[in-house]
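Here is a short briefing to read alongside the coordinates. Have a look at the fold before you start, and keep it open as you go.

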Amino acid sequence: MEDEQRRIEQLRSGDLDALGDLFRDLGGAMSAVARTMLRDRDEADDVVEEALVRIHAAARGFRGTRGLRTWTLRIVMNLCRDRLRRRKFDGGRAEDLDVLGRAGLSVTPVLEWDEELDRAKLLETLERAIDRLPPEQREAVVLCHRAGLSQAEAAAALGIAEGSVKARLHRARQKLRAELEPLMEEGQR
Amino acid sequence: MTPEWRMDDERIARLVASVGAEADPAVLARARARIAAGAAEERWEFALPAGVAWLFRPLTLTGAAAACAIALAAGFWFGGTPGTVAGGTSLIATSSETLPGALLDELDAAETASPNGGLSDSGGPS
């Protein structure tokens, strides 16, 4: 907590090394959020870059009540929303064939991963299912399960009540389960 | 459905969390370069006297260009071409552009009006 307060002070004073430290700690989460939301590595990296510039510019006015991680991911999420809105206006884009590769996302093997399952197929199904979620549910899933925010932090990042995050996560997981369970069933046969 | 392959919430969460991203250091480098460029621009603006800086504002430059365009358009509208007054009357009486030419033109005009220079041999009007 003290470290975070010190880093906030450094950011407020315009210290670029503090921005580097922030990127070292949160760059992975920032990238994961942007790449999952946008499914385009280059565009997502542009968003992360823009977020860093904005963090540097707005740090002086940051009070720190919500926490640095929440504030940072809120900026990233808002930039992603802008891009998605613009993309919708531009007519969208064709469905990607390589959903993980194009987005620049990587996989950390899950410990109890079932050997019988086709992991690649499972992950592809999962990512496509995440893409099909309504935007507000997708944001909740990405912030809580992929970026590792608590429900309270995600609520602060999204500017909604914690109960709403909980409800969105519940509905999202129901949909993900419905898409994944047939694959799990297949793997167990 | 047996519990072995039931996807509980925790399992779904772990599966979602198993996908992540590595931060690209080039992104930080680009952001730092943009911040540094922005700071340099601010310093340059700060170094200029306020009046001079004001003259370089895009709005001022656009306004000045628009004022020039309006002045030129008004000039052509009211005056036709340079060297004329309203109604198209030329301010230049002679057709020559240069001073010697104009003097010669004036001399020719005087000779045409009166071959004797406007005086009769008797000294009276011709």
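Predicted model: local features only at pLDDT ≥ 70, side-chain atom pairs only at ≥ 80, totals over all residues.

**Chain A at a glance**

- Chain A contains nine helices and one strand.
- Along the sequence the order of elements is α-α-α-α-α-β-α-α-α-α.
- Of the 189 residues in chain A, 50% are buried.
- Contacts in chain A between residues at least 6 apart in sequence include 70% that join residues at least 24 apart.

**Helix 6**

- Which residues of helix 6 of chain A are buried? They are Leu122(A), Leu123(A), Thr125(A), Leu126(A), Glu127(A), Arg128(A), Ala129(A) and Ile130(A).

**Helix 2 against helix 3**

- A helix pair can be summed up by two values, the angle between the axes and the distance between them.
- For helix 2 (residues 16-38) and helix 3 (residues 41-58) of chain A, the axes come within 9 Å and cross at roughly 140°.
- This crossing of helix 2 and helix 3 of chain A is right-handed.
- On the helix 2 side of chain A, the contact is made by Leu16(A), Leu19(A), Leu22(A), Phe23(A), Met30(A), Ser31(A), Ala34(A), Arg35(A) and Leu38(A).
- Facing them from helix 3 of chain A are Arg41(A), Glu43(A), Ala44(A), Asp45(A), Val47(A), Val48(A), Ala51(A), Leu52(A), Ile55(A) and His56(A).
- Sorted by class, the contact of helix 2 with helix 3 of chain A holds 13 nonpolar, two polar and four charged residues.

- Ser31(A) sits in helix 2 of chain A, and its relative accessible area is 2%, so Ser31(A) is buried.
- What does Ser31(A) touch, leaving aside residues up to four places away in sequence? Its partners are Val48(A) and, from chain B, Ala21(B), Glu22(B) and Ala23(B).
- Arg39(A) belongs to the loop between helix 2 and helix 3 of chain A.
- Is Arg39(A) buried or exposed? Its relative accessible area is 6%, under the 20% limit, so Arg39(A) is buried.
- The phi angle of Arg39(A) is near 60°, a positive value in a residue other than glycine.

**Helix 7 against helix 8**

- The axes of helix 7 (residues 135-146) and helix 8 (residues 151-158) of chain A come within 9 Å and cross at roughly 130°.
- That angle is why helix 7 of chain A counts as oblique to helix 8 of chain A.
- The crossing of helix 7 and helix 8 of chain A is right-handed.
- Helix 7 of chain A contributes Glu139(A), Ala140(A), Leu143(A) and Cys144(A) to the contact, while helix 8 of chain A brings Gln151(A), Ala154(A), Ala157(A) and Leu158(A).
- These contact residues of helix 7 and helix 8 of chain A split into six nonpolar, one polar and one charged.

**Glu139(A) up close**

- Glu139(A) is part of helix 7 of chain A, and with 7% relative accessibility it counts as buried.
- Beyond residues up to four places away in sequence, Glu139(A) touches Met37(A), Met77(A), Arg81(A) and Leu158(A).
- How far apart are Glu139(A) and Met37(A) in sequence and in space? They are 102 residues apart in sequence, and 7.8 Å apart in space from C-alpha to C-alpha.

Technical notes: Residues numbered from 1 in each chain as written. Chains lettered and ligands numbered in written order. Heavy atoms only, no water. Buried < 20%, exposed > 50% of the residue type's maximum accessible area, 1.4 Å probe, protein only. Helix = DSSP H or I, 4+ residues; strand = E, 2+ residues; numbered from the N terminus. Contact = heavy atoms within 4.5 Å. Axes fitted to C-alpha atoms, helices over the stretch in contact; angles between N-to-C directions. Parallel < 35°, antiparallel > 145°, perpendicular 65-115°, else oblique. Left-handed = near helix turned anticlockwise from the far one by under 90°. Nonpolar A, V, L, I, M, F, W, Y, C, P; charged D, E, K, R; others polar.
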